[in-house]
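Student: I have a model open and want to go through some of its contacts and surface features. Can we start with the terms?

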Amino acid sequence: MVSVKRERSIELDDEDEVPAKTSRGEDTEDRRSRHCPYLDTINRSVLDFDFEKLCSVSLSHINVYACLICGKYFQGRGLKSHAYTHSVQFAHHVFLNLHTLKFYCLPDNYEIIDSSLEDITYVLKPTFTTQHIASLDKQGKLYRAYDGTTYLPGIVGLNNIKANDYANVVLQALSNVPPLRNYFLQEDNYKDIRRPPGDIMFLLVQRFGELMRKLWNPRNFKAHVSPHEMLQAVVLCSKKKFQITKQGDAVDFLSWFLNALHGALGGTRKKSSCITKVFQGSMRIFSKKLPHPDLPAEEKEALLQKEEYQEKMDESPFLYLTLDLPTAPLYKDEKEQLIIPQVPLFNILGKFNGSTEKEYKTYKENFLKRFQLTKLPPYLIFCIKRFTKNNFFVEKNPTIVNFPITNVDLREYLTEEAQATVKKTTYDLVANVVHDGKPSEGSYRIHVLHHGTGKWYELQDLQVTDILPQMITLSEAYIQIWKRREADDDTNNHTGA
């Protein structure tokens, strides 16, 4: 009878397992490795590597194998292990070690070597060459998944596990920003970044890279991806501020995620990362302290002469610009139908013209502020402030922002010094996140531009549909990503025509 102690070591430690050899020695094992009779029992349609790599019985992360017949995960490979027991009980013989990417036949316990299995390892761990990455935005070839559906790599639905569409749209928007995507498609770009011992934040970088590679994989088994492992890392690293089971705010998530990635990649206020290289601009903030409005006029006058009430100027970096909507006048037409107000994009961009002043109230003090841009990033993010929170509830402003999707010139919002030196100030829209419905129970969808075809697509969870560019401007835009037009850009490529 095998002792309990020996049983545990066999179950958990693959290195100690005894290879299955016959009296003929190595030659017999080699022949079996290359002529496994069970390869035709593999069922690729049930394989799903998007979920956490846990044994379905013991819930352990150690030595996890995927059964390639039923798709379930099991631990170990030795006698009495869960994978071994499963192979005997159900006559499922082909297993893949999810860490080493090696295939084994159980219960015979020999390694399977066969080139026909490469498509399975590629789905588990897709890799991208520099040449492949360079071609991603130059063609719009449709690929056929194993389940028969066709898809464009990068334009892929993300599963809404329960209430995580607020995170899905941000992940999809960022996956369609080429320099960011290209950085994360190659693990070599970030695998050697050193982090302090016990730091969990680097998990975000690893999971985001894995998700990027799955979204852009041209050899997927299905035409959608589950962000399960990515979101588990988000829940852990945000200390449960962002959850899978509870609706969150896409702007809050975007702000936290970009800053968390920047820090995890070794970035600081002074040291750049790929996040700041892509998204960071800078602005001048002019602020002036205001006397309390209830004070007598003479006291106000006296205070305004003091040093602390003089205008101060600070230079500040930004990863996105917040655009304020005018208060929505909810009036009705003659048929008693609610009219939704509209505002041109350039009206709300006026906040950054250097002369428009706005009052900001804090708990104790009031300030008058104005803003002017000094540096424009390669990719510019706008967050349109739709929600206002007070002590009792959240209100949503339904104002529609009218914007062109190409050729937005931001030169007039730069300081005179910047205007003299900056040549490229024209932007084209590449992603548009929309919030539909009420503040607390609404849903999110996203419009993304496929750079290879110049066509626009709408993604809402698993649904992917093409959309006419002129339909994009009719939605309640919440987050937008704009690409700076470089001198060699093909301007026709952004029309969606």
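Tutor: Buried means under 20% relative accessible area, exposed means over 50%, and partly exposed is in between (1.4 Å probe, protein chains only). This is a predicted model, where local features need pLDDT of at least 70, side-chain atom pairs count only at pLDDT 80 or more, and totals for chains, interfaces and linings use all residues. Residues are numbered from 1 along each chain as its sequence is written, and side-chain values use heavy atoms, with hydrogens and water left out.

Student: OK. Is Leu474 buried or exposed?

Tutor: Leu474 is exposed, because its relative accessible area is 57%. Leu474 sits in the loop between helix H15 (469-472) and strand S25 (477-484). Helices (H or I, at least four residues) and strands (E, at least two) are DSSP runs, numbered from the N terminus.

Student: Which residues make the nonpolar surface patch there?

Tutor: Leu468, Met471 and Leu474 make a patch of about 310 Å². Patches take residues with over 30% relative accessible area and no salt bridge; like charges are joined within 9 Å, and nonpolar side chains (Val, Leu, Ile, Met, Phe, Trp, Tyr) within 5 Å. The areas come from the Shrake-Rupley method with a 1.4 Å probe, and for residues only the protein chains shown count as cover.

Student: And after S25, where is Glu486?

Tutor: Glu486 is in the segment after S25. It is partly exposed, because its relative accessibility is 24%. Glu486 and Thr426 are 60 residues apart in sequence, and their C-alpha atoms are 8.4 Å apart in space.

Student: Switching to charges. How many salt bridges does the structure hold?

Tutor: It holds 22 salt bridges, each being a side-chain nitrogen of Lys or Arg within 4 Å of a carboxyl oxygen of Asp or Glu. Lys222 pairs with Asp48, with the closest N and O atoms 3.6 Å apart. That pair links distant parts of the chain, 174 residues apart: Lys222 is in the loop between helix H8 (202-215) and strand S9 (224-225), and Asp48 is in the loop between helix H2 (26-34) and strand S1 (64-67).

Student: Is Lys222 buried or exposed?

Tutor: Lys222 counts as buried, at 18% relative accessibility. Asp48 is partly exposed, at 24% relative accessible area.

Student: What does Arg181 form a salt bridge with?

Tutor: Asp137, with the closest N and O atoms 2.9 Å apart. Arg181 lies in helix H7 (residues 178-185) and Asp137 in the loop between helix H5 (130-135) and strand S6 (143-144), so the pair ties together parts that are 44 residues apart in sequence. Arg181 is buried at 0% relative accessibility, whereas Asp137 is partly exposed at 24%.

Student: Now helices. At what angle do H6 and H10 pack?

Tutor: Helix H6 (residues 165-175) and helix H10 (residues 250-264) pack at about 50 degrees, with axes 9 Å apart. Axes are lines fitted to C-alpha atoms, for helices over the stretch in contact, and angles run from 0 to 180 degrees between N-to-C directions. H6 and H10 are therefore oblique to each other. Under 35 degrees counts as roughly parallel, over 145 as roughly antiparallel, 65 to 115 as roughly perpendicular, and the rest as oblique.

Student: And H8 with H9, what angle?

Tutor: H8 and helix H9 (residues 228-237) pack at about 160 degrees, with axes 9 Å apart. That makes H8 roughly antiparallel to H9.
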